[in-house]
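Hi there,

Here is the structure I promised to pass on to you. Have a look at it first, and then read on for my notes.

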Amino acid sequence: MKLHEYQSKQIFAKYGIPIPKGRVAATADEAKQIAEELGGRTVIKAQVLVGGRGKAGGIRLAKNPKEAEDLATQILAMEIKGLPVRKVLVDEAANISKEIYLGITNDRAYKRPVMIASAAGGVDIEEVARTSPEMIARIYIDPLLGLRDFQARDIAASIDLPHEYWRTFAEIARGLWQTFVETDATLAEINPLVITNDNRLLALDGKMTLDDNALYRHPDLADMRDIDIEAPAEVEARKYGLSYISLEGEIGCMVNGAGLAMATMDVIKLNGGEPANFLDIGGGAGAEKVAAALRIILSDPKVKAVLFNIFGGITRCDEVARGILAALADVKPKIPMVVRLVGTNAEEGMRLLSDAHMITAQTLLDAAEKAVKAARGVYA
Amino acid sequence: MSILIDKNTKVLVQGVTGHEGLFHTEQMLAYGTNVVAGVRPGKGGEWVLNGKVPVFDTVKMAVEATGANTGVIFVPARAAPDAIYEEAEGGLSLIIAITEMIPVQDMMCVCRYLDEKGVRLIGPNCPGALTPGESKVGIIPGNIALPGNIGVVSRSGTLTYEVLYALKQAGKGVSTCVGIGGDPVVGSTFVDILELFEADPHTDRVVLIGEIGGTDEERAAEFISSKMTKPVVAFIAGQTAPPGKRMGHAGAIVEGGSGLAADKVKALEAAGVRVARHPEEIVALIDD
């Protein structure tokens, strides 16, 4: 789960990381009021959960409260990469003398958190990592020990941070580590961490991603979820414990297991079709869950055919068949359906579906071919 | 005949009285797996499955009484890290964690600890291991694979079954099938399992089933080109998956690679691996 900049920075502040004065606003009026309170120049920043906000014109500098109001009006009317801007952050503007990058994420291969820093912070940090990898410092953190002070000093030294900032920098690094651990983050990033003209360190921008599997430990953070970034069908799917992602194609897919779901999409594409969705009903799905899944697939008007590919292990094919029948009785779709059931109780499942006018298939390749043909009206 | 597990493997089931644990313990016994003990705090002294499996309060007590050497974990995510630590402390040398949705920071601590102890972990969020005709530890359906000489290693669950089933339909047998799990941080990686297959005299070919995300397939490709003599056939799921909506730069900086299927296919092909376009094509490629 991704957090907005303003949410991330509020959390940073709790762990002692200095952030600019500012507040979030949902209207231009509020933005003006905040700018008045702050006095001086302010930065108006779109709060959307995608990168490239600045390049899209979603971050603007305001000289006075009137300008803050005007810019907030403009930005709140924007869509950035398809996401509507619902809120803007109004921060006091900083006089920047240097931009640093500081972040923590997990290194899957090393199985450890890694702290990354660079003296070349800012929006082009990934380009820096590609072209000048020596500009990026990394420190692997032993998860059982946590970040040690010497490691923070190592990082400060390797990005050539002047000595007078080391103490504050170490506090910020410790704060970021604490943030990372205590929120179960998979990403906590300050970019840029700036040195101001008056020689302060300040976390100007922040991003965090939290581990969905750990949200049970953080009900307060779970409430911060922004469902704007998800299609309504995806939100509905999550209620039923289904993993659903809407795509552009015409063949709806219902599969058990993420790997098999992706492979099924691949085979559809190999046969010249396009999947309309990724949908994993998970292991051991019962009839009710299957029915919900089918309703979600059929709510997409692009869908011209549906492919069921179920390999029964924990999941019982007869349960899936019952779910399909329940959903069919409810939705009464007019589009063709291809079904392939293999494994646990597959015969019983196919018997249950024998009167449902579905196209049956033996192999995955066969099923995908038939689904692509069905979507083109071959069986109509 | 196999890696990791065989007919002599003595299995301890944690979470044996739960819905999933009990069901799969029954399936394992029916397959012939030597399940010697179950653990469920508070139910020590009871027996499950008509007196076939004794239940103990702690792993330590179960190991002392039965000599179990391999643990399989079905307990819920909140209790699973503790269950893994308990099995490692209890003296088990192989732990297979089926449980899904364990927080990744918990797993990093677990892996760090097990590495120091020298205990091997498979999973979490995995289907376990199957040595056809001898033993299955986990949830892979036993009837979809024949004994043979093909090693199978996979990050997926049901997709692995699909491949096993296709191999069986073609009359091809498997030495051991290992599902390493699909989580970002898992105990054993592709390379760990490939090393075992390379050293196993009864495995002469290997099927590797990968998917998008991370760089484990790229590392496998490096290992295959530098250390492996046995032929490998692969399939990578997610070739058509849309790139995720990314945020933040740290992931890209750390992994360098894109995590995309195309890059994994390229790395594997450069290492001499034949990559199937769809799962069932593996059957044709494995013989050539």
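Predicted model: local features only at pLDDT ≥ 70, side-chain atom pairs only at ≥ 80, totals over all residues.

**Chain A**

Let me begin with the overall division. Chain A falls into three domains, with domain 1 covering 21-92, domain 2 covering 96-222 and domain 3 covering 230-375. Between the C-alpha centres of domain 1 and domain 2 of chain A there are 25 Å.

There is an open sheet in chain A with four strands, in the order β2-β7-β3-β4, and its pairing is antiparallel. Which strands stand at the edges? They are β2 (22-25) and β4 (59-62) of chain A; each has a single partner strand, so one side of each has no neighbour in the sheet. From one strand to the next, the twist averages 20°. For β2(A), the partner is β7(A) (residues 88-92), and four bridges hold this antiparallel pair.

Strand β8 of chain A (residues 96-107) runs antiparallel to strand β11 of chain A (residues 185-196), and eight bridges join them. β8(A) also pairs with strand β9 of chain A (residues 112-118), again in the antiparallel sense, over seven bridges.

Next comes a helix pair. Helix α5 of chain A (residues 149-158) packs against helix α6 of chain A (residues 166-182) at an angle of about 120°, and their axes are 9 Å apart. Because of that angle, α5(A) counts as oblique to α6(A). The two helices cross in the right-handed sense. On the α5(A) side, the contact is made by D149(A), A152(A), R153(A), I155(A) and A156(A); on the α6(A) side, by W166(A), F169(A), A170(A), A173(A) and R174(A). Seven of these contact residues are nonpolar, none is polar and three are charged.

**Chain B**

Chain B has two domains, domain 1 (10-122) and domain 2 (128-287). Their C-alpha centres lie 25 Å apart. To the contact between them, domain 1 of chain B brings 19 residues and domain 2 of chain B brings 15 residues. On the domain 1 side, α1 (19-31), β5 (70-73), α4 and β7 (120-122) of chain B each supply at least two residues. Of these, α4(B) gives the most, with five residues. That side of domain 1 of chain B divides into 13 nonpolar residues, five polar and one charged.

There is also an open sheet of seven strands in chain B, with mixed pairing and the order β9-β8-β11-β10-β12-β13-β14. β9 (135-138) and β14 (274-275) of chain B are at the edges with a single partner strand each, so each has one side without a neighbour in the sheet. Strand β13 of chain B (residues 232-237) pairs with β14(B) in the parallel sense over two bridges, and V233(B) has R274(B) as its bridge partner in β14(B). Helix α9 of chain B (residues 261-270) packs on the sheet, where it touches β12, β13 and β14 of chain B, and its direction makes about 175° with that of β13(B). Helix α5 of chain B (residues 158-169) lies across β10 (146-154), β11 (173-179), β12 (205-211) and β13 of chain B, and runs at about 155° to β10(B).

**Where the chains meet**

How many residues does the contact take from each chain? The count is 49 residues from chain B and 57 residues from chain A. On the chain B side, the elements that give two or more residues are α4 (104-117), α5 and α8 (250-255) of chain B. α4(B) gives the most to this side, with seven residues. The side of chain B that touches chain A divides into 26 nonpolar, 14 polar and nine charged residues.

Methods
Residues numbered from 1 in each chain as written. Chains lettered and ligands numbered in written order. Pairing = 2+ DSSP bridges. Domains from an automatic or database assignment. Axes fitted to C-alpha atoms, helices over the stretch in contact; angles between N-to-C directions. Parallel < 35°, antiparallel > 145°, perpendicular 65-115°, else oblique. Left-handed = near helix turned anticlockwise from the far one by under 90°. Contact = placed C-beta atoms within 7 Å. Nonpolar A, V, L, I, M, F, W, Y, C, P; charged D, E, K, R; others polar.
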